[in-house]
Amino acid sequence: MKAKPRAKKSLGQHFLANYEYCQKIIKFSQISSHDTVVEIGPGTGQLTDILLPLARRVVAIEFDRDLIKILRERYLNEPKASNIIEIIQADILSFKWSTLGNGPFKIIGNLPYNVATRILQSIIDIKDRFSSGTFLLQKEVAQRILSSPNSKDYGYFTLLMEYHFERTAGFDLPSGVFSPPPKVISQVIRLTPRTYPHVVTDEPAFRTLIKNAFQQRRKTLWNNLKFKYKPHQLQLAFKTCHVSLQSRPEELTLKQYVCLGQMLYSPSS
């Protein structure tokens with residue numbers, strides 16, 4: 001009898017171990033027989049087992065070399081599975097997505113807690129290549145992504161994700177559906193690359209703006225920004241974007257931040 005793979009704490013691994021929840025996740029991801037699916041961190045293959053008979057093609061990207069060996073032994077010796085699945089050993093943060101050819105594809109992943117936000121920020125660069133991404137995250141991170149203005153979770157990361165994606169809340173996963181059980185609750189969300197209702201002309205500058213905005217949450221937005229921009233320029237931007245001088249950073253909508261970004265970084269400013 002083969003020994004079960006052990007989760008590595010250094011890699012933030014918590015393997016899915018509940019078939020019913022795996023089915024629920026796949027249903028929420030809206031994957032069909034026409035889809036190519038990129039699975040980030042397949043782990044022990046619990047989601048992969050359900051994906052294979054459902055999707056047109058599955059590309060499983062795993063960092064852990066021990067798990068790669070197990071996955072290849074499990075699937076590549078099975079004729080039906082081997083025709084559908086490609087198993088790649090790679091760090092998803094440095095993976096060359098161009099090697100997958102032209103999209104679109106769908107992404108699904110039980111993301112390691114310790115690098116989840118970095119992974120989500122990295123997929124911004126390839127959002128024109130995929131049609132949706134379904135992710136299992138620490139609930140605290142999911143709530144930061146899904147939050148709204150006037151919420152304690154609302155901040156830089158919220159705005160960055162909202163700017164690039166439609167955000168859809170899924171459902172919670174109790175710690176008992178993982179092996180080993182984490183000490184926190186997880187949540188499933190779906191991110192869909194959006195057609196911009198608002199566009200900034202200088203995205204790096206826009207990111208700097210929202211980082212500066214939330215530098216000190218207890219201060220007003222004006223006090224967080226007044227030493228970063230010319231006073232007359234900032235005053236005009238606040239007036240044009242209907243922002244009060246007493247507003248807190250968490251009170252503004254994405255539309256207002258985009259407006260500020262356009263005003264503060266326009267060629268004429």
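Visitor: T240, buried or exposed, or in between?
Guide: T240 is partly exposed, with a relative accessible area of 37%. Keep in mind that this is a predicted model.

Visitor: Where is T240 found?
Guide: T240 is in helix 10. A polar atom of its side chain lies 2.8 Å from the backbone oxygen of L236.

Visitor: And what is T240 in contact with, leaving aside its neighbours within four places in sequence?
Guide: With those neighbours set aside, T240 is in contact with C259 and M263. Q256 is 16 residues from T240 along the chain, and their C-alpha atoms are separated by 9.5 Å.

Visitor: You mentioned C259. What does C259 form with C241?
Guide: C241 and C259 form a disulfide, with 2.1 Å between their sulfur atoms. The count for the model comes to 1 disulfide.

Visitor: Is the link of C241 and C259 left-handed or right-handed?
Guide: The link is left-handed, at -85 degrees about the S-S bond.

Visitor: How does C241 count, buried or exposed?
Guide: C241 counts as buried because its relative accessibility is 4%, under the 20% cut-off. C259, at 23% relative accessibility, counts as partly exposed. Another cysteine, C22, is buried, with a relative accessible area of 1%.

Visitor: New topic. Which residues touch the most other members in the largest nonpolar core?
Guide: L120, L137 and Y257 do, in a core of 58 residues. Helix 7 (residues 156-164) gives the most to this core, with 6 residues.

Visitor: Which residues is L137 in contact with, again leaving aside its neighbours within four places in sequence?
Guide: Among them are L111, Y113, A116, L120, I145 and I189. Apart from this core lies another, of 27 residues, including A60, A81, I108 and F171.

Visitor: Now a charged one. What is the nearest side chain of opposite charge to E39, and how far away?
Guide: R74, at 9.6 Å.

Visitor: Which side chain does a polar contact of 2.6 Å join to E39?
Guide: The side chain of T48. E39 lies in strand 2 (residues 36-40). Beyond its neighbours within four places in sequence, E39 is in contact with residues including L47, T48, A60 and I108.

Visitor: What about E62, where is it found?
Guide: E62 is in strand 3 (residues 57-62). At 6% relative accessibility, E62 counts as buried.

Visitor: What does the side chain of E62 reach at 3.1 Å?
Guide: The backbone nitrogen of G43. The side chain of E62 also reaches the backbone nitrogen of D64, at 3.0 Å.

Visitor: Last one. How many Å apart in space are A205 and Q138?
Guide: They are 29 Å apart, C-alpha to C-alpha, and 67 residues apart in sequence. A205 has its place in helix 8 (residues 203-213), and it is buried, with a relative accessible area of 10%.

How values were computed
Residues are numbered from 1 along each chain as its sequence is written. This is a predicted model: local features need pLDDT of at least 70, side-chain atom pairs count only at pLDDT 80 or more; totals for chains, interfaces and linings use all residues. Side-chain values use heavy atoms; hydrogens and water are left out. Helices (H or I, at least four residues) and strands (E, at least two) are DSSP runs, numbered from the N terminus. Buried means under 20% relative accessible area, exposed over 50%, partly exposed in between (1.4 Å probe, protein chains only). Lys and Arg count as positive and Asp and Glu as negative; His and the chain ends are not counted. A salt bridge is a side-chain nitrogen of Lys or Arg within 4 Å of a carboxyl oxygen of Asp or Glu. A polar contact is a pair of N or O atoms within 3.5 Å; within protein, one must be able to donate a hydrogen and the other to accept it, and residues adjacent in sequence count only if both atoms are side-chain atoms. Contact means heavy atoms within 4.5 Å. A disulfide is a pair of cysteine sulfur atoms within 2.5 Å. A nonpolar core is a set of buried Ala, Val, Leu, Ile, Met, Phe, Trp, Tyr and Cys residues joined through side-chain atoms within 4.5 Å.
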